[in-house]
Amino acid sequence: MNLNELVNIKLHSMQKHDVDKIMKCNEITKAYGLTLTGEHAVELVQTRISSLSANRRVEFGGGVIDKIIKEFCNSSYICMLNYTDTLHELIEMFYYYKNETLDLISDDDLIKYMKKAFNGVCKGSLELLAGRELAKLARNLRYGYDQDCSDDYSEDDLENDLEDNRRDS
Amino acid sequence: MENIERIGTIKQEVLNGEYYFKSLLREACKFGMLCEADLERINYQCLDLLAYKTGKYNSGDSSSIRIETAESIMASVLYTVGLWLKTFSHPDFGVKAIKEINIRDIYQCGRKRIDTKLKAAKHFHLLALRNKIDTDNYTYNATILDGINGFFKLYNPDYGAQEIHITADYPVCVPAHDLTGIEFIQKYLESFYYENMLCSCFAKETIRYLLNGYNEGYRDLVFNIFELILTTAIGCKICGIEAKTLSISKIQVEYLYQVLSKKSKDEVCKTLWLAYSELKKELSLSSVFLDQYIQKSLEAIASNIYHAMKMNTLDRIVIVPLYPKIKSEIYFSLGIKMADELFRNIVEEITECRFLSDKISIIKGSIHSLSDMEDILLAAELNADEITAVLSLLELIEVAVLVKRHPLKADIDAIDLSKQERVLCYGLNNYILSLTPDDQSWIDNAINIIVFDKFLGN
C-alpha cells in the first residue's frame with residue numbers, strides 16, 4: 001500500500017472527528033446567519049479529500065476547513081444562499097495555491113490574504129480571487145517580490161512618475 | 001566450530017540493505033511472524049510518526065504537505081527504523097522488537113545510531129584526508145575533498161536520512177552495494193581510508209610512474225588507484241621482485257602470463273594469497289582492518305586476473321610503469337641591459353649612419369648582451385636585409401633564442417605586432433632559411449629545449 005492510500009484511509013477514518021469540528025463552527029457563524037448541516041459538513045470534508053488528492057498533497061491533523069469558515073463568516077459577500085458553494089471553492093483554491101506558492105506562505109497567512117482580497121479588490125468575486133489575486137501572490141512569492149507587489153502600471157502611476165522626475169530635475 | 005549461527009526463520013541474506021525495514025516486514029509476514037493486525041498497527045504507528053515529523057518539518061505553519069515531500073520523509077523514517085533493526089544479531093529479534101516496541105521509540109534509537117555513524121564517517125574522512133594519495137587524478141581529489149564535504153553539508157538526518165546527495169564518482173575496490181544514506185558514506189570512507197593506507201606504503205613518484213604506465217591521460221580517467229597498485233605489487237611478488245618500487249617489466253608480465261595461464265581459478269587465487277603474504281611481510285602491514293579489506297579486494301582481483309588471462313589482457317591490469325624520458329634543457333640568460341641614456345645615444349647614432357658597414361661596426365663595438373641586441377633590432381629602424389646582416393654576427397644559439405622570443409606568426413596572429421616586430425620576425429625567418437639544413441634543424445631542436453633563466457628576470 002502506498003503512502004497516499006494509507007493517508008486517505010486515515011483521513012476517512014478521521015472523517016467523523018473533522019465533521020464534528022466543522023459543526024462546532026456553527027456556534028460562531030450563527031451570529032452572521034450562517035449555519036451548516038451535517039450533510040454539508042460531510043461534503044466539505046469530501047471536497048478537502050478530493051482537493052488534496054488532486055493537488056498531490058497529504059494532510060495530517062484537522063485541516064483548514066474550520067479556519068476558513070471562521071475567517072470568512074463575517075464577510076458581507078457571503079450569505080446563506082452562497083455559503084456552502086463559496087466554502088467548497090475556497091477549500092479547492094486554498095490547496096491549489098499552497099502548491100502554486102511553493103509552500104512559502106503559512107496556512108494562516110494564505111487564508112488571511114484570501115479574505116483580504118475577497119472582501120477588498122475582488123468585491124466577493126471568487127473568479128477574481130483565484131484568477132488574479134492569488135495568481136499574483138503566487139508569482140510574487142516565487143520571484144521573491146513583496147506579497148502585494150503589482151505589475152499593473154496604470155496611467156495614474158505613469159503621471160505620478162513623470163511628476164516625480166520633473167520635481168527631481 | 002568458529003562461526004556458530006543461530007538457526008532462525010528469516011535469512012539475513014534475503015533482506016535488502018537499502019530498504020531493510022520493508023524487507024523485514026515482508027519476510028516476517030511470509031513466515032507468519034506478523035499478522036494482519038500487527039501490520040495495521042505498524043502502519044498506523046508509522047503514519048503517526050510521519051504526521052509528527054511533517055508538523056516539525058512545516059514548523060506548524062502548514063497542515064498539509066506535498067506527497068513527494070511526505071514520501072521522502074517517510075522513506076527517511078523507515079530507513080532510520082531499519083538502521084536500528086540492523087543492530088540485532090538476527091532478523092528474528094528485529095521482528096520481535098517491532099512487535100513489542102512502538103515504532104516511534106525504535107525511530108529514536110535509529111536516530112541516535114545515525115548520529116554515531118555520522119561522527120564515525122567524519123572521523124574516517126579526516127583519516128582519509130590525512131593519508132590521502134598525492135596524485136593529480138581529478139576524480140580522486142574531487143571526491144575526497146569536495147564531494148564528501150558536500151555530503152556533510154547537505155545531509156539531513158531528520159528528513160532525508162536515506163539520501164546520499166553526492167555521486168561519489170571515485171570507485172573504491174570493494175564497493176558498498178546495498179547501502180544508502182550515512183551507512184553508504186561511512187562504508188565508502190572506510191574503504192577510502194584503507195586504500196590510502198596501502199597506497200601510502202609506496203612513494204609518490206612510484207605511484208605516478210605506475211599511473212602513467214596505465215594511461216598517460218590518467219588525470220582525467222575514472223579508475224581505482226588502489227586496485228592497480230595492489231595488482232601490480234602482487235604481480236611483482238609472484239615474479240620474485242621487490243614490490244616497493246612496483247618496477248615490473250614487460251618480460252616479467254610475460255613470465256606472469258606463463259605462470260598463471262595453466263592454472264585454474266582456485267589455483268590463481270592460491271597463488272595470489274601466497275604472493276599477498278609475501279607482500280605483507282615486505283610492506284610490514286600490521287593493521288587487521290587493512291588486512292581484511294585487502295583480502296576482500298583480492299577476491300575481485302583474482303577474478304580480474306583470471307579473466308584477463310583468458311582474454312590475453314594481463315598487461316592492462318598488471319601495469320608496467322612508464323618512467324619519464326630524460327629531457328635536456330638549455331638555460332639561457334639574455335644578459336643585463338645597458339643604461340637607457342646610453343642606449344638612446346647608440347640608437348641615434350645607428351639611425352644617422354648611411355652605410356650598413358658603419359651600423360654593424362657600431363653594434364659590434366657597443367652591444368654586449370643579447371637583450372640589448374634584441375632592443376637594437378627593434379628600435380634602430382633596420383630593414384630586413386640589415387637585420388639579416390646583423391643576425392650573421394650572432395651564434396646559432398643566440399639566433400635560436402631570438403626565434404623563440406619572436407616566432408614567425410601567420411598574418412592574422414601578427415596583427416597585434418608592431419611594424420618593427422614584424423620586420424624582425426621576417427628577418428629572422430629569412431636568415432634561418434639562408435642557413436644549411438643541419439643548422440636549421442639544430443635551431444629547431446634548440447628552440448624546444450631553451451629555458452629562460454627566471455632568476456635574471458628574462
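Chain B has a radius of gyration of 36 Å, whereas a compact globule of 458 residues would have one near 23 Å (taken over C-alpha atoms; the globule rule is 2.2 Å times the number of residues to the power 0.38). The model is predicted: local features need pLDDT of at least 70, side-chain atom pairs count only at pLDDT 80 or more, and totals for chains, interfaces and linings use all residues. Residues are numbered from 1 along each chain as its sequence is written, chains are lettered from A and ligands numbered from 1 in the order in which they are written, and side-chain values use heavy atoms, leaving out hydrogens and water.

**Chain B overall**
- The C-alpha trace of chain B spans about 115 × 70 × 35 Å along its principal axes.
- Of the 458 residues in chain B, 47% are buried (buried means under 20% relative accessible area, exposed over 50%, partly exposed in between; 1.4 Å probe, protein chains only).

**Salt bridges**
- Over all chains the count is 25 salt bridges (a side-chain nitrogen of Lys or Arg within 4 Å of a carboxyl oxygen of Asp or Glu).
- A:D18 and A:R48 form a salt bridge at 2.7 Å, N to O.
- Both A:D18 and A:R48 are buried.
- B:K359 pairs with B:E386 in a salt bridge, with the closest N and O atoms 3.0 Å apart.
- B:K359 is buried at 8% relative accessibility, and B:E386 is buried at 12%.
- B:R405 and B:E374 meet in a salt bridge at 2.9 Å, N to O.
- B:R405 is partly exposed at 33% relative accessible area, whereas B:E374 is buried at 7%.
- B:K53, B:R111, B:D115 and B:D158 are joined into one network by salt bridges that share partners.
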